[in-house]
Amino acid sequence: MGTFSTYRVLTATVLLLGLVFPLLTSGEGGFTHDCAYAGANLTDKHHWIGVYCLNDDVDIYGFNYSMLDLDHCAGNNAGQLVVYENGNYSGSCENCTFIHDKTLHLSCLCWDMNGGHTNSTLDLNTTLYDSNGAVGCYSVLGNKTWEPAPDS
């Protein structure tokens, strides 16, 4: 393949990703547009968020309860929470909480390159999405039920 053909393929790929990536990550108006925070379990062993998300059953305008392990969605980069597929943020961040204002943020103390902790916050509205009632990030979807399990 010649240089001109390679350039055309790369240009087309970049344009396609520029059009498709925002649709995959934004959840058509953002995660908080279609989902409501219902709780979380942020401990040493658990890192999940529980939400009610709008499903596609327009006849009943239904919501499903969905849980997702946030280790699939976030990582720690030198003390900063970042969107990262299977980033396993919980391995190097602690004291995590949620801040719920106009959107939903994950806030943690994360180990930095100097061996100290840095307070870091990640906007989950740009990280998570709703897929027919299941919360997701990247190619991972949380479970989907009508209500939380009794022990969650």
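Predicted model: local features only at pLDDT ≥ 70, side-chain atom pairs only at ≥ 80, totals over all residues.
As a general point, the strands of a sheet pair through backbone hydrogen bonds, either parallel or antiparallel.

**Strands 6, 7 and 8**

Strand 7 covers residues 104-111, and six of its eight residues are buried, so the strand is largely enclosed by the rest of the structure. Strand 7 is paired with strand 6 and also with strand 8. Strand 6 and strand 7 run antiparallel and are joined by six bridges. A hairpin of three residues leads from strand 6 to strand 7. Across this pairing, C93 stands opposite C110 in strand 7.

Strand 8 comprises residues 117-123; it runs antiparallel to strand 7 and is joined to it by seven bridges. One of the residues involved is H105, whose bridge partner in strand 8 is D123. Strand 7 and strand 8 also form a hairpin, with five residues between them. In the turn of this hairpin, G115 has a positive phi of about 80°.

**The aromatic pairs**

A search of the whole structure finds two aromatic pairs. In general, such a pair is described by the distance of the ring centres and the angle of the planes. The table gives these values for each pair.

| Pair | Centre to centre | Angle between planes | Arrangement |
|---|---|---|---|
| Y37 and F98 | 5.2 Å | 50° | tilted |
| Y52 and Y65 | 5.3 Å | 65° | edge-to-face |

Y37 lies in strand 1 (residues 35-42) and F98 in strand 6 (residues 93-100), so their pair ties together parts that are 61 residues apart in sequence. Y37 is partly exposed, with a relative accessible area of 34%. F98, at 16% relative accessibility, counts as buried, because the cut-off for a buried residue is under 20%.

The pair of Y52 and Y65 is edge-to-face, because an angle over 60 degrees between the planes counts as such. Y52 belongs to strand 2 (residues 47-54) and Y65 to strand 3 (residues 63-69), so this pair ties together parts that are 13 residues apart in sequence. Y52 has a relative accessibility of 29% and counts as partly exposed, whereas Y65 is buried at 3%.

D112 is found in the loop between strand 7 and strand 8. This residue is buried, yet it has no salt bridge. The nearest side chain of opposite charge is that of K45, 27 Å away. The side chain of D112 does make a polar contact of 3.0 Å with the side chain of T118.

How values were computed
Residues numbered from 1 in each chain as written. Heavy atoms only, no water. Phe/Tyr/Trp six-rings, centres within 6.5 Å; stacked < 30°, edge-to-face > 60°. Helix = DSSP H or I, 4+ residues; strand = E, 2+ residues; numbered from the N terminus. Buried < 20%, exposed > 50% of the residue type's maximum accessible area, 1.4 Å probe, protein only. Pairing = 2+ DSSP bridges. Lys, Arg positive; Asp, Glu negative; His and termini not counted. Salt bridge = Lys/Arg side-chain N within 4 Å of Asp/Glu carboxyl O. Polar contact = N/O pair within 3.5 Å; in protein donor to acceptor, adjacent residues only side chain to side chain.
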